[in-house]
Amino acid sequence: MTHFSISEDLLQAENAARKMALDEDYAALARALGRRGIDGDALTRRVMAFGVAIPTWGVGTGGTRFARFPGPGEPRHLFDKLEDCATIHHLVRATPTISPHFPWDATSDYVALREVAAKHGLAFDAVNSNTFQDQPNQEHSYKFGSLSHVEPAARAQAIAHNIDCIAIGRQLGSKALTVWIADGSNFAGQSNMTLALDRYLDSMREIYAALPADWRVFLEHKLYEPAFYSSVISDWGTSFAAAQELGPKAQCLVDLGHHAPNVNIEQIVARLVRFGKLGGFHFNDSKYGDDDLDTGSVEPFRLFLVFNELIDARMRGAEGFAPTYMLDQSHNVTDPIESLMQSAIELQRAHAQALMVDRSALAATQAANDALGAHLELKRAYTTDVSPILAMARLRAGGAIAPIETYRASGYRKHKAEERPPVARTSAGIV
Ligand code: LRH
Ligand code: MN
């Protein structure tokens, strides 16, 4: 059976219909930016250089603990997911890497997987371990934890799994391992919170020792869920202290949805940059908890403020500044491909807006305690509609001026529904 993919002809036709309008909008924006001393083409080149990794687990329809409602043409396995990731990158030209999760993405031949991905123009970013679910025939359950479990055998099992993930990642050409653990407690007294952290650190030291010289390990903190009284790695402070204790290859990963409401995440980013411990991001958005909503769909200003700190760090040449960007979302009511494309675009938007901040004017207003003046320097960048630059960046990189419209015009999902017989699984859960 042939696998449908979006043809160049269709892409060119969709672009041709929009090119004149884009040229007009782009020229107008470039003139307006020129008056602000900003080179529009240079900005477009910076946008073209931006990339974010797609989470393999985000390509299928997600769910909650209540239910999951799969859509048509659901990816059945990793190779279907690669096809969908390739389609996303084909149209938005901003997602050249994917972040896999094991054992969800387990397969027999990882070298072959790497070749298939390369044929799709894709490479592998950080690999994610999973010691928050029990696998069939697993000897020791993770019900009461994994890397911090009271039983050495359960910890050893979790350590071995992480070391296996490193071995898989090496075959895939990945350079980092992301470790998020669900470990914690639901009752006061259930866990000795200090000993739990010590057990976690002992386990992480063994994983750290297994890292190749050019690898990093990202510690992902999360305030709560599935533990609802205490989480072992609950906040950036604990994650930072643990990364300090482990060594230079250990850094902190900021999942935007893993904080209490109203926490100043951009300041956490600034702190981790200051101490050389910002490893990367799981981008998404949230209104209440770890909602895993589409990036920029709830708090686009906050996303801009995060990128404002990242560009400030890059402009001043912050030491060890090499964060990796990944999406981590759950698409419960949209076509995951559309959500992932739009989320990548919202990241490009925040990045482009942050690049337009006049940093010397901002520094002057800050030095003068001109609070409103300083705020307006940020707002001027944030309220500039950079859509023509984002579209031109896609076009110049061989993508679609209008990815969602082009994707819908292609009938890709309908074709996949014909190619991929429905998967008879509607159990609850995020994947
Ligand atoms: C935990 C998390 C983590 C992943 C999982 C899919 O909430 O953000 O990054 O392993 O989601
Ligand atoms: Mn995450």
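A residue counts as buried under 20% relative accessible area, as exposed over 50%, and as partly exposed in between. This is a predicted model, and the tour below applies those classes where they are needed.

Start with Gly 51. At 26% relative accessibility, Gly 51 falls in the partly exposed class. Its place is the loop that joins helix H2 (40-48) to strand E1 (53-55).

Next, select the manganese ion (ligand 2). Glu 220 (OE), Asp 255 (OD), His 282 (ND1) and Asp 328 (OD) coordinate the ion at 2.1 to 2.2 Å. The site has 6 donor atoms, and with angles of 72 to 171 degrees among them it is octahedral. For reference, ideal angles for six octahedral donors are 90 or 180 degrees. Read along the sequence, the donor residues follow the spacing E-x34-D-x26-H-x45-D. Asp 255 belongs to strand E9 (residues 250-255) and Asp 328 to the loop between strand E11 (324-327) and helix H10 (336-355), so this pair ties together parts 73 residues apart in sequence. Asp 255 is buried, at a relative accessible area of 0%; Asp 328 is also buried, at 9%.

Keep both aspartates selected and show ligand 1. Of the 12 residues around ligand 1, those that come nearest are His 101, Glu 220, Lys 222, Asp 255 and Asp 328.

- Asp 255, from a polar side-chain atom: 3.0 Å
- Asp 290, from a side-chain N or O atom: 3.1 Å
- Asp 328, from a side-chain N or O atom: 2.7 Å

On its own, ligand 1 has 300 Å² of accessible area, and the protein covers 96% of that. By class, its shell holds 4 nonpolar, 3 polar and 5 charged residues.

Now turn to the backbone. Select Phe 102 and Pro 103: the peptide bond between them is cis, with omega near 15 degrees. Pro 103 sits in the loop from strand E2 (97-99) to helix H4 (110-119).

Move on to Glu 225 and Pro 226, whose peptide bond is cis, with omega near 5 degrees. The loop here runs between strand E7 (216-220) and strand E8 (230-231). Glu 225 has a positive phi, near 75 degrees, without being a glycine, and is partly exposed at 34% relative accessibility.

End at Asn 369, in the loop between helix H11 (359-367) and helix H12 (371-382). Asn 369 has a positive phi of about 50 degrees and counts as exposed at 70% relative accessibility.

Technical notes
Residues are numbered from 1 along each chain as its sequence is written. Chains are lettered from A and ligands numbered from 1 in the order in which they are written. This is a predicted model: local features need pLDDT of at least 70, side-chain atom pairs count only at pLDDT 80 or more; totals for chains, interfaces and linings use all residues. Side-chain values use heavy atoms; hydrogens and water are left out. Donors are N, O and S atoms within 2.8 Å of the metal (3.2 Å for Na, K and Ca); water is not among the atoms, so sites may look incomplete. Four donors count as tetrahedral if all angles lie between 85 and 135 degrees; four count as square planar and six as octahedral if opposite donors are over 155 degrees apart and all others between 65 and 115; anything else is irregular. Helices (H or I, at least four residues) and strands (E, at least two) are DSSP runs, numbered from the N terminus. Buried means under 20% relative accessible area, exposed over 50%, partly exposed in between (1.4 Å probe, protein chains only). A residue is near a molecule or strand if one of its heavy atoms lies within 4 Å of it. A polar contact is a pair of N or O atoms within 3.5 Å; within protein, one must be able to donate a hydrogen and the other to accept it, and residues adjacent in sequence count only if both atoms are side-chain atoms. Accessible areas come from the Shrake-Rupley method with a 1.4 Å probe; for residues, only the protein chains shown count as cover. Ala, Val, Leu, Ile, Met, Phe, Trp, Tyr, Cys and Pro count as nonpolar, Asp, Glu, Lys and Arg as charged, and the others, Gly among them, as polar.
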